[in-house]
Amino acid sequence: MPIILIEEQGPRDGFQVEKKPIPTEMKVRYVEALVEAGLQRIQITSFVHPKFVPQMADAEEVCSHVKKQDGVLYSGLVLNAKGVERAVRAGLNHVAASISASDTHSRKNANKSLEEAQTEFEEMLRVAKAEGLRVRGGVQCAFGCRYEGKISEKVVLELAKRHLDLGVDEIALADSTGMGNPDAIKRVMTQVVQWADGRPVALHLHDTEGKGMANMLAGIEAGVTIFDTAFGGLGGCPFIKGATGNIATEDAANMLHQMGVQTGIDLRRVAALSQEMETFLERKLPGRMKDVLQMDLAMI
Ligand code: MG
């Protein structure tokens, strides 16, 4: 089996949609605890306008307070060149620069038409490269949009190809709405992996329609080696109707381990953090393994 890397995005994709303010020191503690639980890649914040995403207003503080471990990739999401500059000043050396394949979602999420977002992407890449950052190029809503419905595979593939031609270090396609299905994932990702020609290819999956794990398997079969997840199945986009969680980190790791693919993730430690977060948020999170492991413990 191939080596699969899990990128934890709970501190960004997860926290960004929560109404209850999460104190900065708590975010920092979660980032550090997730790394201690074996996550080798983690997206810790996003550099977006605090007016639109208030929960991410402490991006700089989170970056400066997290004790960084060697060999771990700490990333931040950016949607414009100003965000890249903030990430540089915050000391990150890897950014996920992302644009949406849906014009409507792009206008709501980044306040830009698809065409304007493409121009901005070039600027983000230019600034990041000038500062020596590594860049993940992202395409959001790659497998469907709640506003526009089906998104043309041709448009998605053209965006991905453009990112690669512009020189991104890795490429990520996001099923931001969970509308993707294994056939579409396999078809699109097989082509992207081929074009990436050795550069890492990532999939960002949401489990909105219950297809998250099936889509991960289709991604693996297509040659994708990095999967974005969120502990407890946290996650969503403030600008997508009905958006729900990412696939849960501990659920993805559990399936991979059972398939003989090692991730280095300590399931129980991640599950314990998910349970703790449920208590803090005072609601049930969608991940499964945190409940399964709790049942296991109760049976001992
Ligand atoms: Mg997402």
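## How the helix pair is described

Helix axes here are lines fitted to C-alpha atoms over the stretch in contact, and angles between N-to-C directions run from 0 to 180 degrees. Keep in mind that this is a predicted model.

## The α8/α9 pair

Let's start with two helices that meet. Helix α8 covers residues 182-196 and helix α9 covers residues 212-222; their axes come within 8 Å and cross at roughly 30°. Angles under 35 degrees count as roughly parallel, so α8 is roughly parallel to α9. As for handedness, the crossing of α8 past α9 is right-handed.

Which residues in α8 and α9 meet? On the α8 side they are P182, I185, K186, M189, T190 and V193, and on the α9 side A214, N215, A218, G219, E221 and A222. Sorted by type, the residues of this contact come out as seven nonpolar, three polar and two charged.

## The chain as a whole

Zooming out, you're looking at a chain with 12 helices and eight strands. Its C-alpha trace spans about 55 × 40 × 35 Å along the principal axes. How does the radius of gyration fit a compact globule? For 300 residues such a globule would sit near 19 Å, and the chain has 18 Å, so the two agree.

## Burial and contacts

Burial first: 58% of the 300 residues in the chain count as buried. Then there's sequence separation. Take the contacts in the chain with a separation of 6 or more: 74% of them are accounted for by residues 24 or more positions apart.

Methods
Residues are numbered from 1 along each chain as its sequence is written. This is a predicted model: local features need pLDDT of at least 70, side-chain atom pairs count only at pLDDT 80 or more; totals for chains, interfaces and linings use all residues. Side-chain values use heavy atoms; hydrogens and water are left out. Helices (H or I, at least four residues) and strands (E, at least two) are DSSP runs, numbered from the N terminus. Angles under 35 degrees count as roughly parallel, over 145 as roughly antiparallel, 65 to 115 as roughly perpendicular and the rest as oblique. A crossing is left-handed if the near helix is turned anticlockwise from the far one by less than a right angle, and right-handed if clockwise. Contact means heavy atoms within 4.5 Å. Ala, Val, Leu, Ile, Met, Phe, Trp, Tyr, Cys and Pro count as nonpolar, Asp, Glu, Lys and Arg as charged, and the others, Gly among them, as polar. The radius of gyration is taken over C-alpha atoms; the globule rule is 2.2 Å times the number of residues to the power 0.38. Buried means under 20% relative accessible area, exposed over 50%, partly exposed in between (1.4 Å probe, protein chains only).
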